[in-house]
Amino acid sequence: MNQPGMLAALREIIRRDLLLALRRRSDVLTTVLFFILVASLFPLGVGPEPAVLRTIAPGVLWVAALLSCLLSLGRLFTADYVDGVLEQMLLIPQPLSVLVIGKVTAHWLISGLPVVLLSPLLGLQFGLSGEALGVLTLSLLLGTPTLSFIGAIGAALTLGVRGSSVLIALLVLPLFIPVLIFGAGAVSSSASGIGAGAHLSLLGAGLLLALTLAPWATATSLRIALE
Amino acid sequence: MMGLTRINWFKYSSPQAFYPLAGRMMPWCAAAAILLIGVGLYIGFFVAPTDFQQGQSYRIIFVHVPAAWMSMFLYVVMAIWAGIGLGLNARPSFMMAQAIAPTGALFTFLALVTGAMWGKPTWGAWWVWDARLTSELILLFLYGGVMLLRTSIDDSRRADRASAVFALVGVVNVPIIYFSVRWWNTLHQGASVSMTAAPKMAATMLTAMLVMTLGFWMYSIAVILVRMRCVILERERQSSWGTHPSHQDVVEVH
């Protein structure tokens, strides 16, 4: 009975957040540029040795993706919190988790998807081969939504707290570690010929787990922050 | 009828009733902790045989393993109290979670440091990026996150609830630590003690380890009770019983 209403609300929230992001393109660009810049620092710091770069590529690109996700997390709820929209959103008849899923999806489309699409290019610069490039993109495609979902919990918990930008990093980065391990592990094991299947399956499992539990935890945290 | 049993059950869930109870229990737990840790260390250092492979250096496990066990156990206990607090909206449960966090962090730190001391002579490195070491390090960060989140939020009600949610989210790490040696075939050795199989070590070693664990457990209870009393005093300073001059215990502490 309530199904169409929930889907309509979900669609509206995604549409609204995407529209807002479109009006402030610099926010989106900052995240993407940050990703490219962080990834480009490593060849300069480590040295241009192709063999070394190939070895560190999965980890470096994953850490860069993780940091750029972290950078954009602060914007997930803050603008709506500051102008009071979030408080009104709590009053919508649909479950709060639906709102959270909508906002996280929009966040991923804005900050996660560009990173996924850019990663083959950067992987190429690090000298990754054809198959490893595909696995890198696939692992990021499975992993970055998980990062957005986990990050949403941290963003909701630190909403309006002083020093929240540093605090969110301290809360969320430890929870990102498993995603990082399996994501970078998938690329490394495919490059060394073991096959990435196991790691990719674990990433998928992590995404499903985050999809089921994180919206609920985020919704609870939002209620706590706004009560 | 139900009402009566309820009152008995929940009597000590009020800070006012818990405060003197904690004061009475604390010395016994502290004494038991001193005794058990003393006995455990004696067995571990003087009675237990020398390991034929690792020599004397293995004896650090009598501190390391119990500390690692306690670090995980206390996290789960903290998360349970946090969950009870969120579910029943009970302030004393949040206080309990708050009181447990520093002790848990201490044991996590102790497990990491003693592990490094053991790793240097045995593996030849202070630290390796092994699954169990890394996940134990994450546990330390999670304890830190729980405590930091609490101190960063000024409103105590929100601080309680927010850190409780974070503690519950972090519980996913505990099974990862526990099963890490089975899931990843890495440097850290598998469990030598389990509930289902016969232990793979000498009986005296096992005794020392279990006595030390009991000792650490008693120590945790004693310290947590003391911290709980401090938390109660700090938070209830506005209430009438907390500032009442006739309350002996309170005057002593002031």
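Two residues are in contact here if their C-beta atoms, placed from the backbone, lie within 7 Å. By that criterion, 16 residues of chain B are in contact with 17 residues of chain A. This is a predicted model, in which local features need pLDDT of at least 70 and side-chain atom pairs count only at pLDDT 80 or more, while totals for chains, interfaces and linings use all residues. Residues are numbered from 1 along each chain as its sequence is written, and chains are lettered from A and ligands numbered from 1 in the order in which they are written.

On the side of chain B that touches chain A, the elements giving two or more residues are α5 (131–152) and α6 (156–170) of chain B. Helices (H or I, at least four residues) and strands (E, at least two) are DSSP runs, numbered from the N terminus. The most is given by α5(B), with eight residues. By class, this side of chain B has eleven nonpolar, three polar and two charged residues; Ala, Val, Leu, Ile, Met, Phe, Trp, Tyr, Cys and Pro count as nonpolar, Asp, Glu, Lys and Arg as charged, and the others, Gly among them, as polar.

Chain B as a whole has ten helices and zero strands. Of its 254 residues, 39% count as buried, meaning that 20 or more other C-beta atoms lie within 10 Å of the residue's own; a residue with 12 or fewer is exposed, and one in between is partly exposed, with C-beta atoms placed from the backbone. Among contacts in chain B between residues at least 6 apart in sequence, 74% join residues at least 24 apart.

The largest nonpolar core has 131 residues, of which B:Met78 and B:Ala97 touch the most other members. Such a core is a set of buried Ala, Val, Leu, Ile, Met, Phe, Trp, Tyr and Cys residues joined through C-beta atoms within 7 Å. Leaving aside neighbours within four places in sequence, B:Met78 is in contact with B:Ala97, B:Ile100, B:Ala101, B:Gly104 and B:Ala167.

B:Asn89 lies in the loop between α3 (61–88) and α4 and is exposed, because 12 other C-beta atoms are within 10 Å. Although B:Asn89 is not a glycine, its phi is positive, at about 55°. Most residues other than glycine have a negative phi. B:Trp129 is in the loop between α4 (91–123) and α5 of chain B, and is exposed because 10 other C-beta atoms are within 10 Å. Its C-alpha atom is separated by 24 Å from that of B:Leu74, 55 residues away along the chain.

In chain A, the axes of α3 (residues 50–73) and α6 (residues 96–125) come within 10 Å and cross at roughly 160°. Axes are lines fitted to C-alpha atoms, for helices over the stretch in contact, and angles run from 0 to 180 degrees between N-to-C directions. The crossing angle therefore makes α3(A) roughly antiparallel to α6(A); angles under 35 degrees count as roughly parallel, over 145 as roughly antiparallel, 65 to 115 as roughly perpendicular and the rest as oblique. The contact of α3(A) with α6(A) has six nonpolar, seven polar and no charged residues.

The axes of α7 (residues 130–157) and α9 (residues 197–226) of chain A come within 8 Å and cross at roughly 20°, so α7(A) and α9(A) are roughly parallel to each other. Their contact has 18 nonpolar, seven polar and no charged residues.
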